[in-house]
Amino acid sequence: MTNAPNSLEPAASAAPATADATVSPDRLDAVVIGAGQAGLAIGYFLARQGRRFVILEAGDAVGVGWRGRWDSLVLFTPRRYDALPGLAFPGDPDGYPTRDEVIAYLEHYAARFDLPIHFNSAVESLTQENGAFRLEVDGRQIVADQVVVATGPFHQPRTPLVADQLAPEVFQTHSAGYQRPSDVPDGRVLIVGGGNTGFQIAKELSATHAVQLAIGSRQMPLPQKLLGRDLFWWLTKLGLVTKTVDSRLGRRARNRDMLIGSTPRGLRRRYGVTLMPRVVGASGRTVTFADGSEQDFDAVIWATGYRPDHAWINAPVLDGDGRLRHRRGVTRVPGLYFLGLAWQHTRGSALLGWVKDDAEYLAERIEASRTDSSKPKTEIAGAA
């Protein structure tokens with residue numbers, strides 16, 4: 001990947017992205033958790049501010065979430081809308097990047113801005129003490145004034161309990177574990193989940209398998225192109241992609257996913273996929289649907305989404321129902337922020353090309369609330 005024209009440089013030199021050095025025991029200005037698109041984006045802004053910070057990544061590379069997606073994944077946003085701050089996404093701006101292109105771009109981005117990423121550094125716990133945050137990381141303790149949790153919205157794959165009722169000989173995987181059609185045994189395949197993921201996997205598998213797709217709730221089908229323009233061109237021009245979660249449209253749309261470039265009718269006619277209603281039960285190889293029908297399957301792929309995992313955060317950030325409490329990523333705990341969440345502020349908050357808006361906003365909050373450097377900082381006893 002070649003460098004895109006760019007004159008923006010980090011305001012402070014940082015450790016190379018591939019560094020494996022131990023994080024300094026001294027108190028840091030900030031820690032970013034996660035080296036996906038959200039973590040890299042805010043890392044860019046923190047570097048420009050000259051902050052002393054690190055990005056902690058549990059995996060061994062940037063963009064771990066992308067690396068786990070299926071081989072043939074293609075984004076539904078054109079390259080012109082897929083850039084992080086300061087670096088254009090290379091290639092045809094009207095074309096759609098593949099999974100591997102996104103991974104290569106994130107790798108290039110981390111190296112281009114020399115972001116201080118520490119890999120294989122899973123955060124085991126986060127605790128607020130004495131006006132600072134203590135992070136337990138693989139036997140180490142890191143102390144920071146502020147923390148940005150940039151782990152995104154996709155944590156633990158969610159599989160319904162009905163999956164346990166299927167016989168052991170039925171091949172099962174969550175969409176997070178699906179890679180390619182050759183990994184799925186021959187025979188009749190059921191995909192459960194009518195979002196973009198379910199539709200895309202159904203299209204791919206239909207070339208080699210007999211596929212049925214169970215849809216539990218209605219989606220909002222939208223064409224990839226309209227009047228010769230990409231959907232996101234229209235959404236951007238009309239300001240719809242930046243409508244906030246508090247707006248009238250945002251309140252209506254936040255609980256309805258957009259089905260982009262796919263329709264149930266097109267899936268039936270073009271790909272020969274049979275559509276089924278919600279799955280309500282299973283026994284052995286047999287799956288029961290909401291209309292009372294039953295069918296046997298050789299494989300089931302659960303495209304049923306993810307559930308958040310914030311159990312490692314020892315701070316009052318959840319409400320009584322276990323939902324994260326924040327306003328545009330700012331929690332009630334001073335100095336603790338979240339980034340990359342679905343509908344964090346707008347429809348684009350969790351998308352590759354729009355996460356930069358929330359990242360810049362949080363970086364400004366961090367800058368505004370930073371500790372006065374002229375005053376001595378109180379260290380947490382025993383931190384090392």
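Two residues are in contact when they have heavy atoms within 4.5 Å of each other. A residue is buried when its relative accessible area is under 20%, exposed when that is over 50%, and partly exposed in between (1.4 Å probe, protein chains only). Helices (H or I, at least four residues) and strands (E, at least two) are DSSP runs, numbered from the N terminus.

Before we start, note that this is a predicted model, in which local features need pLDDT of at least 70, side-chain atom pairs count only at pLDDT 80 or more, and totals for chains, interfaces and linings use all residues. Residues are numbered from 1 along each chain as its sequence is written, and side-chain values use heavy atoms, leaving out hydrogens and water.

Let's begin with helix H4, residues 196-205. Its buried residues are Asn196, Gly198, Phe199, Ile201, Ala202 and Leu205. What do the buried residues of H4 pack against? They pack against strands S9 (188-192), S10 (210-214), S14 (258-260) and S19 (299-302), and also against H7.

Now look at that partner, helix H7, residues 264-271. Two packed helices are described by the angle between their axes and the distance between the axes. Axes are lines fitted to C-alpha atoms, for helices over the stretch in contact, and angles run from 0 to 180 degrees between N-to-C directions. H4 and H7 pack at about 5°, with axes 11 Å apart. On the H4 side, Phe199, Ala202 and Lys203 meet Pro264, Leu267 and Tyr271 of H7.

Next comes the sheet. Strands of a sheet pair through backbone hydrogen bonds, either parallel or antiparallel. Here, five strands form an open sheet in the order S8-S19-S9-S10-S15, with parallel pairing; two strands pair if DSSP finds at least two bridges between them. The edge strands, S8 (171-174) and S15 (274-276), each pair on one side only. S8 is joined to S19 by four bridges, and His174 has Trp302 in S19 as its bridge partner. H4 lies across S9, S10 and S19, running at about 165° to S9.

Finally, turn to the interior. A nonpolar core is a set of buried Ala, Val, Leu, Ile, Met, Phe, Trp, Tyr and Cys residues joined through side-chain atoms within 4.5 Å. The largest one has 59 residues, and Leu40, Ile42 and Ile191 have the most contacts inside it. Helix H1 (residues 37-49) gives the largest share of this core, eight residues.
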